[in-house]
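We will go stop by stop.

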Amino acid sequence: MTTERPDAGDSGSEKPDETAAPDPAANGARRSKTRLAARSLGHGFGDGAVLEDISLAVEPGEILAVVGPSGTGKTTLFRLLAMFERPDEGTVEVGGDDVWDLPEARRLAVRRRVGMAFQTRSLFSTTVEENVSYGLRVRRSWSARVRDAVEGLFGRDEPSETVRDALRTVGMFDKVGRDAGSLSAGEAQRVAIARALAPDPDVLLLDEPTSNLDPRNTAAIESAMRAARDRGIAVALATHDMQQARRVSDRTAVILGGTCIESGPTDAVFESPDDDRVRQFVEGKLVY
Amino acid sequence: MFALGDLNLTYLVSITAVSLYVSTAAVALSAALGLPISLAVGFRDFYGKSVVTSVISTGMGFPSVVVGLVVLLVLSRSGPLGTFELLFTPEAMILSQTILALPVLVSVSLSAVQSVPQDLRDAAFAAGGTSTDIALLVVREARYGIVTALLAAYGRAISEVGSVLIVGGNIVFSDSTSFTRTLTTAITVEARKGNIETGIALGAILLALVLGVNALGARFRDRTPGRNGRGR
């Protein structure tokens, strides 16, 4: 049974609840209109259900923290939201469209409005610049890609302003020409987030992006999350770090045992949770 | 004029050229057929996948004379491809070498493709890549293994004797130019005649060729930055 606060994300409306999120237009930034919602999601592997009846939404210009202990289904949920596979039950909606009802070409277009970074190291064996520009390259026509490749052979492949901006957002601009294999874990994670940000997505999914990272890299990634939110991007963060969820998120959804137990404004969820299990979990007394 | 025993320069150049032509064409054909097979098998899980990979691995041990005999039957006048009149031509040798090189190339490149972490494919998908983009990324990530597969296939092809003797016929024209004689089959001729020194000289040329091809392959393989490279 999910407990939802009055201003929790999945209102069922096609229009985003803009009152719940900071206004990025205030600083002249881009304003996204896309919300990502999961409705009654259920999914399993083999005989076991991993997720059951999960409904939540992330609105433009907000950070939604999805918290829960390791192994509770957060990664499976995020993979469903990123359209890696079709859920066994329920729907994933981007901008009001059920993505699995769309023809493949339109689903690809919708998928390209959603960026994602993973918990594990996932940089390609090339330079930082080429990693960050990957999403931009795959969106170009084949003829443009061939032209770029030929120009690259003659050394005319300066980083685009988009790539520079994405790297600046994560504080990695000075590493633009470095081999990705030479980066530390934290730097690699920051570059992975820059890669997700470079195509200017409407939605950014971050699956445990700061697990096992040092405070400096964690702070840089949290700063990038806030910058993305301030540009109107809907940011969803999966984490088991309660303090991080409190620091950065506007709303929080708590997942225990594959089910969303409670969701609502972060302060309310942490300070006065409705559900006893959530209270015990945020106080560190419920160990899974 | 240059001569080494019974050998002259024209003869040496022509058997070397036939060796290079036949082996290069066979490896190119194997790559055109084998890389898509590696990607298809490496990417997908399907019923009987382990049987398919076992068959591919078994193919690496195909006895070359058996392959030569089968190709001989297929290309002979009464065989299914007899109308093409390919028997005792370089093209027949290319066919038999392709059959021998293909399993080597597929097996090694399949291993390379499968070693590309799933996380990287997921990252390409999440960045908006299509299945073609992801396949290209996997080829790029697996380039070390794929170049190794090409070199292994080239080694198998250029060192081949049995099947090219059977389907090529080891033919040399009266002006000492080779039609289907390669460096390897020339070595067998010299050994049979007791010209061991000449055979060793031809072997040295063959080794130099293999070394050159490997050096070229390694140069290409190491050209772009990798996980442990220095980058720009």
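Next, colour by confidence. This is a predicted model, with ipTM 0.87 and pTM 0.82. Chain B has a mean pLDDT of 91, and 93% of its residues reach 70 or more. Then pick residues 226-232 of chain B, where the pLDDT is below 50. Even so, the model gives this stretch 23 contacts beyond near neighbours in sequence.

Now show both chains and turn to where they meet. Chain A brings 34 residues to the contact, and chain B brings 27 residues. About 2300 Å² is buried between chain A and chain B, and carbon and sulfur atoms give 51% of that area.

Zoom in on the polar links. The interface holds 11 residue pairs in polar contact, both residues at pLDDT 80 or more. There are 3 salt bridges between chain A and chain B. Select Arg145(A) and Asp133(B) to see a salt bridge between side chains, at 2.7 Å from N to O.

Last stop: the chain A side of this contact. Select helix H2 (104-111), strand E7 (114-117), helix H3 (128-132), helix H4 (134-138) and helix H5 (142-153) of chain A; each gives two or more residues to the side that touches chain B. Colour that side by residue type. Its residues divide into 12 nonpolar, 10 polar and 12 charged.

Notes
Residues numbered from 1 in each chain as written. Chains lettered and ligands numbered in written order. Heavy atoms only, no water. Contact = heavy atoms within 4.5 Å. Buried area = accessible area lost by both parts, 1.4 Å probe. Salt bridge = Lys/Arg side-chain N within 4 Å of Asp/Glu carboxyl O. Polar contact = N/O pair within 3.5 Å; in protein donor to acceptor, adjacent residues only side chain to side chain. Helix = DSSP H or I, 4+ residues; strand = E, 2+ residues; numbered from the N terminus. Nonpolar A, V, L, I, M, F, W, Y, C, P; charged D, E, K, R; others polar. pLDDT = per-residue confidence, 0-100.
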